[in-house]
Amino acid sequence: MGQLQELKSQLEAVGFEIIAIAPDPPEKLAEVRDRVGLDFTLLSDVEFEVAKAYGVAFMNNRRRALPVPSVFVIAPNRKIQFQYINPNYRERIDSDVLMSMARAVARDFEIGR
């Protein structure tokens, strides 16, 4: 989430808002937000309803749901224009790739003009 915080001003400049969704309870997310210094919307999905709806939840060998780290760029028409999904939580999307996709979607949908 720190990477998203670093990109926040650039994403806002092209007309996007960051909304992060995590499986932790709201109290834990508030601690993380304060500790890391996040200033974007951070929502709780303890029951994995959103993760399941987006197809980014899986069951581990202990039969417990886990989220797959993902980034979605959603256009004003509410359709996903870009998605990055990687089950290896250590690998994050390259910032340049995300910004390129955000700029392309902003241009195609005339966002931020």
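**Briefing: a nonpolar surface patch and a salt-bridge network**

Ile-80 is partly exposed, at a relative accessible area of 39%. The model is predicted. Two salt bridges are counted in this model. They share partners and join Lys-8, Glu-12 and Asp-39 into one network.

**Nonpolar patch**
- Ile-80 sits in strand β6, which spans residues 80-85.
- Ile-80 belongs to a nonpolar patch on the surface.

- Glu-12 and Lys-8 form a salt bridge through their side chains, at 2.9 Å from N to O.
- Both residues lie in helix α1 (residues 2-13).
- Glu-12 and Lys-8 are four residues apart, about one turn of the helix.
- Glu-12 is partly exposed, with 43% relative accessibility.
- Lys-8 has a relative accessible area of 15%, so it is buried; the cut-off for buried is under 20%.

**Salt bridge to a loop**
- Lys-8 also meets Asp-39 in a salt bridge, at 3.8 Å from N to O.
- This pair links distant parts of the chain, 31 residues apart.
- Lys-8 is in helix α1, while Asp-39 is in the loop between α2 (26-36) and β2 (41-44).
- Asp-39 counts as partly exposed, at 47% relative accessibility.
- Lys-8 takes part in the bridge to Glu-12 and in the bridge to Asp-39.

Methods:
Residues numbered from 1 in each chain as written. Predicted model: local features only at pLDDT ≥ 70, side-chain atom pairs only at ≥ 80, totals over all residues. Heavy atoms only, no water. Patch = residues over 30% accessible without salt bridge, like charges linked within 9 Å, V, L, I, M, F, W, Y side chains within 5 Å. Areas by Shrake-Rupley, 256 points an atom, 1.4 Å probe, with all protein chains shown as cover. Salt bridge = Lys/Arg side-chain N within 4 Å of Asp/Glu carboxyl O. Helix = DSSP H or I, 4+ residues; strand = E, 2+ residues; numbered from the N terminus. Buried < 20%, exposed > 50% of the residue type's maximum accessible area, 1.4 Å probe, protein only.
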